[in-house]
Amino acid sequence: MIRADIISVVGREYLTSNIENDEYSYPKAFSVASLPFVPITNANGRKFEKLDIRFVKDGITVLVETKQNFTKADEEQLSAYVEYEKALTGNKTIAILANTTNDNVKVWRGVVSDGDFMQKETALRTMDEYVDFYTSKINDKEKVMQNTYKLNEMLHRHSIPEKLRSQFVGTCLLALKNGLDYSTPSLTAAQIRTRIKEVLEDLLNSDINKAEKLALLNRNVLNDQYVRQLNIASFREILTFIENNILPFINDKSTSGQDLLNLFFVTFNKYVGKSDKNQAFTPDHITDFMAKITGVNKHSVVLDPCCGSGSFLVRAMTQALDDCATAAEQETVKKNQIFGIEFDENVYGLATTNMLIHSDGNSNIRQGSCFTMTDWIKESKPTIILMNPPYNGQRVHLPSEYVRTWPRDKKEDPSKGLYFVKWIADALNSINHPAKLAILLPVACAIGTSGEIARLKNEILEENTLDAVFTLPTDIFHPGASASACCMVFKIGTKHSDVSNPDTFFGYCRDDGFKKKKNLGRVEQVDPVTGNSKWSEIQKRWIELYRNRKAEPGESATYRVTGSDEWLCEAYMKTDYTKLTEHDFQQTINDYLAYLVKEGRVYES
């Protein structure tokens, strides 16, 4: 393929050349940007400085190096250009070797490594298609949700209990993704289980906790009596459905695929969690938002001390890997910078499976109570904490020194999860280690101005800063839980009273562009005019307001609060009266009447 054809296919309007023949000189680009340029050389001392073809759109750079044949040396050269691009722009990259004697291409999403090589990409694409490698496709999302619902109904029909379904499906998905062959007609159900176990053993070869994880998956999944009772026809039906209706939509080599895989886990957990309305599985787009506002990158050390199925960890890892310029940086992120703890043994197994599906077989995830692992947390030195703790934790879930302060008749955590902020902040402050913490908590924690919640709010602000609070949609956890939540952001190790601190930012984020749909939960909507994701534009707006700390009527406010104040935007935000409708007025009256009835202040005459 000649140069002109390559440019025509990808899109000339996105071509960015800075020297003759449409080439791109990185020394010149660094000079223009007033940045120091350090050339990367190969073993023979050859400097890599000029890229053949470069395209840019929406924070995505496509790098194309043309060659007559593909060699390892060519990959080294292309890898150097990825490093330059990351240092120059910070853009996400698609790196391509294009053969000038035929139409062959080799494509990497991210860094030039075996892990990021896209084996199925054998033909050149348009720039818009390459941008899609890093964005989510809404139609695919809805299809995944529809198929997830059907799969849950199928498992119900085959008598797989709710509490087992997530882990069973995750294990099957993991095995299928890594080549499980169940096509031989003579196979028995027992032999399929054996083959799944063999796939897991291969995947966990580099994991220091291999034996523990295998024993857990065998005991809780493959050897479970309900899985063992599946006959061969039922087993094949389930595997075939997953292979044909779930697996095609999820490709962990793209951000879109990562999103859909995470969406699958979150959606599935919601369906099977209906029996426990205290389960609040974090929606995938909210984990994405929280990772972005805390600034997760390749240097971040991320901890989730209540990691559940691992959605925060997966999101953080994906974002950090996208920021990496080399395979070595990616390995460092996976091995040394992602940490999680999960109390429930079954859910811990699900987190392990989730990380394995996302190509991380050596996760730093521990099973047990986070309160007994304070030393391990201090050793990991997280710079960012992302979490959604239990809002109604029972006595067994919390440390005895805290439980002793509860009233005798109190069965659940009176702080509604706020104690987790105080605990992790105290742990990191004891070693003078600053960090940023984003946590989902019920609105009760934000509006509470008395009792245990008020006490903890004041104590937290003695050594830490309330940086921001975002009011989230009232049905954010639908259908898994009914709690109304907000996202609080803290700066650990900086006193709230520090005069250099800006006022706390409050965001009124009730509308995230999702709507409830029967049997699917909350579904992302499309703008009818632009055809783009509503959430994508809404998220940009939320982040823009937060980063610029803008106070906009009806959207946000800034205010210097104390621990005795309400921590919610509604208390400080100005109303944009131009947007009020008769429906808003009626809704307010209805809400107030419902409140009076609930409080017993309305009586029949």
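Select Asp322 first: this residue is buried, with a relative accessible area of 9%. Keep in mind that the model on screen is predicted.

The side chains of Asp322 and Arg109 form a salt bridge, with 2.8 Å from N to O. Colour helix α13 (residues 311-322), which holds Asp322, and strand β8 (residues 105-109), which holds Arg109; the pair therefore ties together parts that are 213 residues apart in sequence.

Stay on helix α13 and select Arg315. Which side chain does Arg315 meet in a salt bridge? The partner is Asp284, at 3.1 Å from N to O. Asp284 belongs to helix α12 (residues 284-293) and Arg315 to α13, so this pair ties together parts that are 31 residues apart in sequence. Are these two residues buried or exposed? Arg315 counts as buried at 5% relative accessibility, and Asp284 counts as buried at 7%.

Next, select Asp74 and Lys67. A salt bridge joins them, and their closest N and O atoms are 3.8 Å apart. That distance qualifies because a salt bridge here needs the nitrogen within 4 Å of the carboxyl oxygen. Asp74 is buried, with a relative accessible area of 9%. Lys67 is buried as well, at 16%.

For a group of charged side chains, select Lys422, Asp426, Glu452, Arg455 and Glu459. Salt bridges link these residues in a network. How many salt bridges does a search of the whole structure find? The search finds 32.

The last stop is a pair of helices. Two packed helices are described by the angle between their axes and the distance between the axes. Show helix α6 (residues 162-177) and helix α10 (residues 232-245): they pack at an angle of about 65°, and their axes are 10 Å apart. Angles of 65 to 115 degrees count as roughly perpendicular, so α6 and α10 are described as roughly perpendicular to each other. Their crossing is right-handed.

To see what makes the contact, show side chains on both helices. On α6, select Phe168, Val169, Cys172, Leu173 and Leu176. On α10, select Phe235, Ile238, Leu239, Ile242 and Glu243. Of the residues in this contact, nine are nonpolar, none is polar and one is charged.

Methods: Residues are numbered from 1 along each chain as its sequence is written. This is a predicted model: local features need pLDDT of at least 70, side-chain atom pairs count only at pLDDT 80 or more; totals for chains, interfaces and linings use all residues. Side-chain values use heavy atoms; hydrogens and water are left out. Axes are lines fitted to C-alpha atoms, for helices over the stretch in contact, and angles run from 0 to 180 degrees between N-to-C directions. Helices (H or I, at least four residues) and strands (E, at least two) are DSSP runs, numbered from the N terminus. Angles under 35 degrees count as roughly parallel, over 145 as roughly antiparallel, 65 to 115 as roughly perpendicular and the rest as oblique. A crossing is left-handed if the near helix is turned anticlockwise from the far one by less than a right angle, and right-handed if clockwise. Contact means heavy atoms within 4.5 Å. Ala, Val, Leu, Ile, Met, Phe, Trp, Tyr, Cys and Pro count as nonpolar, Asp, Glu, Lys and Arg as charged, and the others, Gly among them, as polar. Buried means under 20% relative accessible area, exposed over 50%, partly exposed in between (1.4 Å probe, protein chains only).
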